[in-house]
Amino acid sequence: MLNAFWWLITAEAVGLAAFPLAYFLFPRLKDRGYSVSKPLGILFVAYASWILSLLHILPSVRITIIALLLVMGVASAWYAYRHRRDMVDFVRAEWRAIAVAEAVFLAFFIGWAIFRAFDPFINHTEQPMDFAFFNAVINSQLGSPEDPWLRGESVSYYYFGYWMMGLLSQLTGVASQVSFNLSLALIPAMSAMGLFGIVYNLVRSDAGRRSYAYAGGIAAALFMGIVANLEGVLEFMRANGIGSAGFWDWVRIDGLSSELPTVAESWRPEEFWWWFRSTRIINTFDGDVGIDYTIQEFPFFSFILGDLHPHVMAIPFAILFMAFAFNFLKSPIHDWRNLNPRTYITLFVTGLALGGLAFTNMWDFPTYATLFLGIAALKTYRARGGGLSTLARGVIPVGALVIGTAVLLFLPYYLTFRASVTGIGAVETATRPVHFLLIWSLFFVAVTPFLLTTFWRSTVGEDWRRVSIFALLIAFSPWLVWAVVSLFGGGGLGDVIGRFFKILPLALLIAIGVYNAMWLMKQEGPSGRLFATVLAVLGVFLILGPELLYIRDSFDSRMNTIFKLYYQSWILLAAASGFAIYYWRSLRISLLGWRRSLTTLWAAAFAFLLLGSLYYPPAAGVSKSELTLENATLDGLSFVRRNPRMEAEHAAINYVKENVGRDSAVLEAVGEWFDWGLVSRSTGVPTILNWPGHEMQWRGGSESFEGRESDVERIYMTTDAVEAKNLLAKYDVDYVYIGPREREKYGLEGLDKFESFMEPVFNRDDVIIYRLKQQ
């Protein structure tokens, strides 16, 4: 666990080195950005190393990264020295908040590091893909990283998250198969600390007690990183023989029925990967055929699954941008004729944070750009009124500055990125209410009373009609678009009306939230309650959206839209729910009679749902972990090393890591999933082609690798050495790997030819690695 300790110390050092800069950038936050200083520091150093590498100014190697970290540290030290008295006063005033934030970080980091030690193997779902990109960015020195599964082509994926985690791997010197797992501990830790800080700042902004701020912040961290949906309750019921056949037919979750061979003798279900069903809830069946297959991941599931995907790596950086958005809300309205340098610098770094977030996970870009533009609109509304032209004049300049900066700073990436998005489609099948409630009951029980209470306590202003119309237009705009698309696509008026009533509760809640936000901004000004309201409204809007419209991509269904937007909504509603807990507690003190009883009833309902949602985490965690205390490890390749049939492959991987140059490539058999692409993904050394189905998704088609799979087959199977040599030269490949997969797929007849023009540099058991003979 020494690697984990060194990784932890490095993360803390990066955060401390960045904190004085955060102190400068977040003057409106009570914690001055301390809770997000770690992702801020990583973002600064990672962007500098990326752009310098891309422009061929400095290679992205360990010495460069250390130098960039020192530059950031020197800048921070200079600022800290210049403002030492203010910073000392801040630490004296907020040391308890800093201590609690660090305690949250350590608890999550240590907890997830321990879990990863019991479940370290990088060998299932899309972990191999993540590991391939992770190693590719670590290997990359100058220019864009080369796709390890498509020799000669750059990675066509949003890879900045891998770059940031790979930067820490290079900085610490920890092997990638270990740092991969440590990244999966660091991400939830930074996310929990950041969300704690967001809610702490919201509560303290509204003059809430410190104890309430701590409680709300910790609750938000738990809602984000520990709490699950309620599908786990159904798993418990089924494992214990609870529920009739009719009940399970009504619930109708794929794989979850009353047919169970034996009742579980354990406190948890014993089916293989039963916990995976919690993310495959939404579906509608026509007989036995699912016609609305979707994915609904949530952070805890992602953390135990162990896929280092962009939507997971983006969480702490999305929360970092939330901090910038709240700081922007609390800042004075901008007078563009009299802006000071600090304002320009802050807006520039806000753009950097938004651009880095988009490069990490492109799906987050429109959501958090909308958050920023919404805040800008509210600020303009308070200062100048609510006419559309007035709002546009206030929003467009600052929005263009931040969003333009976000695009320009990462323009080299956008110029080469090829997305598989082809348009927007209309959703035909809406989510069944029972499935919706299984996923969202806990958060809606938290935020709905919060929004309704604010609405009830609001007063009627002089422009209430205009505000109401505006709120209703925002809330029902997705339905209006859907209705037009549906009617022009041959849908009937009955379908349009029926869908209206299905989405009516969500749309009304959004309208109430928008009204609340505008009323709060006009009456109270920027506040924590206002920002929590905005987060809640945006979170509910992301849930409403895919009930009507979806992004057309290679899947041509709403599966991916539900997946990505629900994930963002979970983070936003976790923050809003943490504030709602504080709001309930602070409001309850002044209530008497039936109102107080009503809040008690609400608390009981929430506690009941929370208890149900907390069954899944320990049950799923224990079920997913594969190792015992005696053989726990953070080595993600230990599944290869410990398998007697793969010992030679493990040694071969180590040989490639230590001896094959950065400009070389290694040929291996083409396949999809499981052990295919084992050498290239474990080393980052590219191969001609692998995982072609995924390459097609990333590149929107197969044009860029047409014919490669047949060329690989020909290299292995032909008995003509000249033909094989020419094909290797075509792709600039100088190593050939022959192991059990190659022999099984391509046979033995064509393997002897490699001896004629290549030399064996590794030979153990059933694995041989050939290298082209030096001329």
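**Close-up views of a predicted model**

**View 1. Surroundings of Lys379.** Leaving aside residues up to four places away in sequence, Lys379 touches Phe328, Leu329, Ser331, Pro332, Ile333 and Met521 (contact means heavy atoms within 4.5 Å). Lys379 is part of helix α15, residues 364–384; helices (H or I, at least four residues) and strands (E, at least two) are DSSP runs, numbered from the N terminus. With a relative accessible area of 4%, Lys379 is buried (buried means under 20% relative accessible area, exposed over 50%, partly exposed in between, with a 1.4 Å probe and protein chains only). A polar atom of the Lys379 side chain lies 2.5 Å from the backbone oxygen of Ser331.

The model is predicted: local features need pLDDT of at least 70 and side-chain atom pairs count only at pLDDT 80 or more, while totals for chains, interfaces and linings use all residues. Residues are numbered from 1 along each chain as its sequence is written, and side-chain values use heavy atoms, with hydrogens and water left out.

**View 2. Crossing of helices α5 and α7.** The axes of α5 (residues 127–139) and α7 (residues 176–205) come within 11 Å and cross at roughly 115°. Axes are lines fitted to C-alpha atoms, for helices over the stretch in contact, and angles run from 0 to 180 degrees between N-to-C directions. The two helices, α5 and α7, are therefore roughly perpendicular to each other (angles under 35 degrees count as roughly parallel, over 145 as roughly antiparallel, 65 to 115 as roughly perpendicular and the rest as oblique). On the α5 side the contact is made by Gln127, Asp130, Phe131, Phe134, Asn135 and Ile138, and on the α7 side by Ser176, Gln177, Ser179, Phe180 and Ser183. By class, this contact of α5 with α7 has four nonpolar, six polar and one charged residues; Ala, Val, Leu, Ile, Met, Phe, Trp, Tyr, Cys and Pro count as nonpolar, Asp, Glu, Lys and Arg as charged, and the others, Gly among them, as polar.

View 3. Most residues other than glycine have a negative phi. Thr125, in the loop between α4 and α5, has a positive phi, near 40°. Phi is also positive at Trp673, near 70°. Trp673 sits in the loop between β5 (666–667) and α27 (678–683) and, at 35% relative accessibility, counts as partly exposed.

**View 4. Trp95 in helix α4.** Trp95 belongs to α4, residues 84–118. Its relative accessibility is 44%, so Trp95 counts as partly exposed. From C-alpha to C-alpha, Trp95 and Gly351 are 30 Å apart in space, and they are 256 residues apart in sequence.

Key. A polar contact is a pair of N or O atoms within 3.5 Å; within protein, one must be able to donate a hydrogen and the other to accept it, and residues adjacent in sequence count only if both atoms are side-chain atoms.
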